[in-house]
Amino acid sequence: MKNIFELTKPARYTGGEWGSVTKNFDATACRIVLALPDVYEVGMSNLGLAILYSILNRRADTLCERVYAPWTDAEKILRTENTPLFALESKRAVREFDMLGFSLQYEMIYTNVLNMLDLAQIHLHAAERGDDEPFIVGGGPCVYNVEPVAEFFDFFIVGEAEEIFGEVVDVFIAWKSAGKVGGRRGFLRGLMSVRGIYVPSFYEPLYSGDDFLALKILEPSAPSKILKRIVRNFDATPTVEKPVVPFMEIIHDRAMLELFRGCSRGCRFCQAGMTYRPVRERKVETLRKIARRLIDSSGWDEISLTSLSSADYSCLPRLIDDLQRDFRAEKVSFSLPSLRIDSFSIELAERVQAVRKSGLTFAPEAGTQRLRDVINKNVTEQNLLDACAAAFAKGWKSVKLYFMMGLPTETDADIAGIAELAQKVVDLYRTIKNRRDVKVTVSVSCFVPKPFTPFQWAAQISAAEFERRQTLLKNLIRDKAITYNYHNARLSVLEGALARGDRKLSRVIESAWKFGAKFDGWSDMFKPDAWTEAFAACGIDPNFYSGRERNFWEPLPWEHTSPGVDKNFLLAEWERSQAGETTRDCRRTSCTGCGVCINLAAHVVDFLSIRNVELGIRNEDDADSIPNSSLLIPNCKYRAQIRKGSQIAVLSHLDYMNVFMRALIRSKLPAAWSEGFNPHLKVSFATALAVGVTSDCEYVDFELTAPVNELEVSTRLNEQLPVGAEIVRLKKLRGKSKPVMSLVDLSRYEVRLTFDEKFLPAAQSSARSFNAATEIKFTRVTPKKIRELELKRYLVGRVELELTGGELVIKFSVRITSEGSLKPSEVLKILRERFDFPTDLSTARINRTQLLHAGKNLLDV
């Protein structure tokens, strides 16, 4: 894109992040680009895609790159310039790759898939694609009912992709080496040798009126049922070796350590709990090694212990103790995404948050015990109050509570129970602490029935009924200590239609996209009218899919794929839910008969149960191996001058700061940290640089807990800084010194642009008029405020022009004060608009050449 600096977040599209992989495109047999059809910040937070990116790029015959959904500003530029959607690493058009793989995380990103295909200039329908277009692959949680988007995909990977994707690559390379026999269909036939592959074009849906009847098999080699693939030995399964570390902040801006796969709790509303079975754990020793690689190669200072229910990891207390000992000297913190109330331990919470303390999150899911039994939550009100009481006594004062609304059998009494439970938590804090500074956040989502759950037959309530119940709860919450958040009801009902839809909904999704629907999961982007118009145009009633209770034995359009859970088990669980009966956790008692282990030839792997005695042994050799240097000598201070090149000019000042701090952590220099609840690196930066501006002289002060040779510090940091950032000078500070951010009083700039000599007299005249003006007032408009400023107050000396070799150089200096300063772009804009500068300056290259204090370089102060 030519106009990248016009974007709100240009770092979404630059690539070149630390840890990204670039290979020889033309010399690689199989070229894959992985996509999550949402913005960069969301896509880069997806662990599954990060794992596949790492695994595929380890193969010499395969390259894997990334692409995410461009935001509306970037889409406008792509369409205006007629530039096809491109991959981040090579900047090649996505349509030049062999495969484009979409991770389908939830139904409300389906229109983004179509938008990305259109931007990539790839045919939307698989049946229309030619031999020069990539195969479109789908995977992720939505594969357990992909019929609504089946017509847009060539094939789907059902289940866990770590092993199966490599088998797909093998089939592709063999087909390609043999001369692509049979064309696209020849490759798809070849995939029938791989278990866990669904090719929609090999099946034809049959209907009787509105009702789905069956899928007719069109290809003799296609299976009648596609069982999901799993990795049986999860402990030995490859994971992310060297994560891609983004320049900008993302949703989950931390290392992710996956403790185990699966969940055996059996919540009846939860699709992931059914489809990710069985539970397979990693050993503590394996997790410690993975954690060490993640931190050493990334520079993150936080590890999220992720899984569907991380607190259920059988060796969690030992793991946390070991990890904290491993990273004690590096100020790495740990977090659990959420805590189960019945397995909550205040001692465990304290250990997890020993470095940085944040609020606690619990998910009661329902407001009454009756309804919690219906959904098989297996937690009680007393469990929650006991957990909160222990937390409040230890100093916590912020709690988030997650609930669900619209669950089967729910009544207004259950809604009232949510408000009552939240109030009890507030009152409990005030009783224990005799203070009123508690904060309880109640977040209530709308229940969406999903395939392969005991509630897959249930009717979803209407949007109007959701809104009535939301208003009821809002009116029942009166205490200002309680914050109430809830989901968009119309969005949730649409999700319900797509979640249990059939292939006829492909027309609706395409029509909605043509009517302007995209980024439907973003509340400010959701266009319900576009969807209403789309359903009407296709003659389809969405209530048929969302609001209709299914007959238990009617054919369901998703039953040709299977996560291994038996239908009879789901039916039995439905019956138990209606009776308010709970089902035990198979890891804690005995098999509950879900069928997964038998159908998938797998078994539960719980290392505490298998090796309880062995796992009780502690290696004491490494317990106290690292002395705390800060207790021995005072911290050593350093100041570095960094060149910021065009490769990272798109980064905001905050993102640039993170780039340096992560490089400092990766360098393994003995970085100094602050004390307190939320320690941070002792680093300070000079004045911020505007986005799009390069610099020869960015300055940073930082502290180390031990003296290190200046050359070694510079070398080790440069090894970890990305392309475009380079330390050019570094100096150890001696004695007392003011922080660099308080020293800067002058900034010098050079602006370069290609220039026709015939315009030089006009340019010089413009500069003379500008310099002669004694006062230049202008208005600075930012998202937060509007300010009236006087430019000459901040400009030092004159604007100077110099023409060299067909390039015009504009030089000027700007004063930096405690009240503020000037942006170089503001000087150029006024020069052009008010003083008739003869050429456009908006695309000129701006470089900061010096930052000074009292006329001196900051390293010489």
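Let me start with one term: buried means under 20% relative accessible area. Keep that in mind for helix H4. This is a predicted model.

So, H4. The helix covers residues 110-119. Nine of its 10 residues are buried, so H4 is mostly covered. Which ones are buried in H4? The list runs Tyr-110, Thr-111, Asn-112, Val-113, Leu-114, Asn-115, Met-116, Leu-117 and Leu-119. After H4 comes Gln-121. Its phi is positive, near 60 degrees.

Next, the sheet. Six strands form an open sheet. The order is S2-S1-S3-S4-S5-S6, and the pairing is mixed. Which strands stand at the edges? They are S2, residues 62-68, and S6, residues 197-198. Each has a single partner strand, so one side of each is left without a neighbour in the sheet.

Look inside the sheet now. S3 spans residues 99-103 and S4 spans residues 135-139. These two strands pair in the parallel sense, over five bridges. Within that pair, Leu-100 stands opposite Ile-136 in S4.

Helices pack here too. H5 packs on the sheet and touches S1, S2, S3, S4, S5 and S6. The direction of H5 makes about 140 degrees with that of S1. Then there is H2, residues 47-57. H2 lies across S1, S2 and S3, and runs at about 155 degrees to S2.

On to the nonpolar cores. The largest one has 152 residues. Which residues have the most contacts inside it? Met-99, Phe-155, Phe-165, Phe-187 and Phe-702. Helix H5, residues 161-177, gives the largest share of this core, with nine residues.

Let me zoom in on Phe-187. What does Phe-187 touch, leaving out residues up to four places away in sequence? The contacts are Met-99, Phe-135, Phe-155, Val-168, Val-171, Phe-172 and Trp-175.

Now the cysteines. How many disulfides are there? The count comes to zero. Take Cys-142. The cut-off for a disulfide is within 2.5 Å. Cys-142 is buried, with a relative accessible area of 6%. Cys-697 is buried as well, at 1% relative accessibility.

Last, some backbone details. The bond from Arg-277 to Pro-278 is cis, with omega near -5 degrees.

Lys-180 is not a glycine, yet its phi is positive, near 55 degrees. Find Lys-180 in the loop between H5 and helix H6, residues 183-190. Is Lys-180 buried or partly exposed? Partly exposed, with a relative accessible area of 38%.

Asp-836 is not a glycine either, and its phi is positive, about 55 degrees. Asp-836 sits in the loop between helix H27, residues 824-834, and strand S29, residues 845-853. At 61% relative accessibility, Asp-836 counts as exposed.

That is the tour. Thank you.

Note on methods:
Residues are numbered from 1 along each chain as its sequence is written. This is a predicted model: local features need pLDDT of at least 70, side-chain atom pairs count only at pLDDT 80 or more; totals for chains, interfaces and linings use all residues. Side-chain values use heavy atoms; hydrogens and water are left out. A nonpolar core is a set of buried Ala, Val, Leu, Ile, Met, Phe, Trp, Tyr and Cys residues joined through side-chain atoms within 4.5 Å. Buried means under 20% relative accessible area, exposed over 50%, partly exposed in between (1.4 Å probe, protein chains only). Helices (H or I, at least four residues) and strands (E, at least two) are DSSP runs, numbered from the N terminus. Contact means heavy atoms within 4.5 Å. Two strands pair if DSSP finds at least two bridges between them. Axes are lines fitted to C-alpha atoms, for helices over the stretch in contact, and angles run from 0 to 180 degrees between N-to-C directions.
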